[in-house]
Amino acid sequence: MSVGEVKATLHAAIEAVRQGQRVFDQAVSEAEAATGTANAILRGSQHEHVTDTHQALAAAKAEVEPTRRRFAGTAENASDYLTRLG
């Protein structure tokens with residue numbers, strides 16, 4: 001594989017990461033809206049399934065920022081490597 005081919009592959013990878021980040025952010029936005037609706041409907045319920053769902057949603061929310069950082073770090077590392085290639 002030539003340097004030019006490596007650069008082209010890195011450019012494509014960076015674009016794929018950026019696209020993945022956009023899709024992820026859209027999914028987060030939709031999940032937040034759905035969670036807000038569910039919270040309004042289920043407010044005050046102590047049912048076991050509702051409690052379990054709230055815990056699962058909280059765990060998922062805790063992963064949002066680390067996942068965003070992974071996307072950003074991947075794009076940054078690929079861009080740095082591309083820069084080093086010249």
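Predicted model: local features only at pLDDT ≥ 70, side-chain atom pairs only at ≥ 80, totals over all residues.
Side chains of opposite charge can pair when their charged atoms come close. To start with arginine 22, its partner is glutamate 15, and the closest N and O atoms of the two sit 3.1 Å apart. Arginine 22 has a relative accessibility of 49%, so it counts as partly exposed; the cut-off for exposed is over 50%. Glutamate 15 is partly exposed as well, at 39%.

The other salt bridges bring in arginine 68. Its side chain meets that of aspartate 25, with 2.8 Å from N to O. Aspartate 25 belongs to helix H1 (residues 3-42) and arginine 68 to helix H3 (residues 64-85), so this pair ties together parts of the chain that are 43 residues apart in sequence. As for accessibility, aspartate 25 comes out at 30%, which makes it partly exposed, and arginine 68 at 24% is also partly exposed.

Arginine 68 also forms a salt bridge with glutamate 65, this time at 2.7 Å from N to O. Here the two residues are both in helix H3, three residues apart, so about one helical turn separates them. Glutamate 65 has 42% relative accessibility and counts as partly exposed. Put together, Asp25, Glu65 and Arg68 are linked in a network of salt bridges.

Searching the whole structure turns up one aromatic pair. It consists of phenylalanine 24 and phenylalanine 71, whose ring centres are 5.8 Å apart and whose planes meet at 40°, so the pair is tilted.

Next comes the empty space. Rolling a probe the size of a water molecule over the atoms shows where such space is left. The largest pocket holds about 240 Å³. Its lining is made up of 13 residues, and the closest to the pocket centre are Ala31, Glu32, Thr35, Leu57 and Lys61. Two or more lining residues come from each of H1, helix H2 (48-62) and H3. H1 gives the most, with six residues.

As for the chain overall, it contains three helices and zero strands, and reading along the sequence gives the pattern α-α-α. The C-alpha trace spans about 60 × 15 × 15 Å along its principal axes. The radius of gyration of the chain is 19 Å, whereas a compact globule of 86 residues would have one near 12 Å. Of those 86 residues, 13% count as buried.

Threonine 67 is a residue of helix H3. With a relative accessibility of 18%, threonine 67 counts as buried, because the cut-off for that class is under 20%. Threonine 67 is 50 residues from valine 17 in sequence, and their C-alpha atoms are 12 Å apart in space.

Terms used:
Residues numbered from 1 in each chain as written. Heavy atoms only, no water. Salt bridge = Lys/Arg side-chain N within 4 Å of Asp/Glu carboxyl O. Buried < 20%, exposed > 50% of the residue type's maximum accessible area, 1.4 Å probe, protein only. Helix = DSSP H or I, 4+ residues; strand = E, 2+ residues; numbered from the N terminus. 1 Å grid on protein atoms, 1.4 Å probe; cavity = no way out; pocket = protein on both sides within 12 Å on 5 of 7 lines; lining within 4 Å. Points joined across faces, edges and corners; volume = space filled by probe spheres on them. Phe/Tyr/Trp six-rings, centres within 6.5 Å; stacked < 30°, edge-to-face > 60°. Rg over C-alpha atoms; globule rule 2.2 N^0.38 Å.
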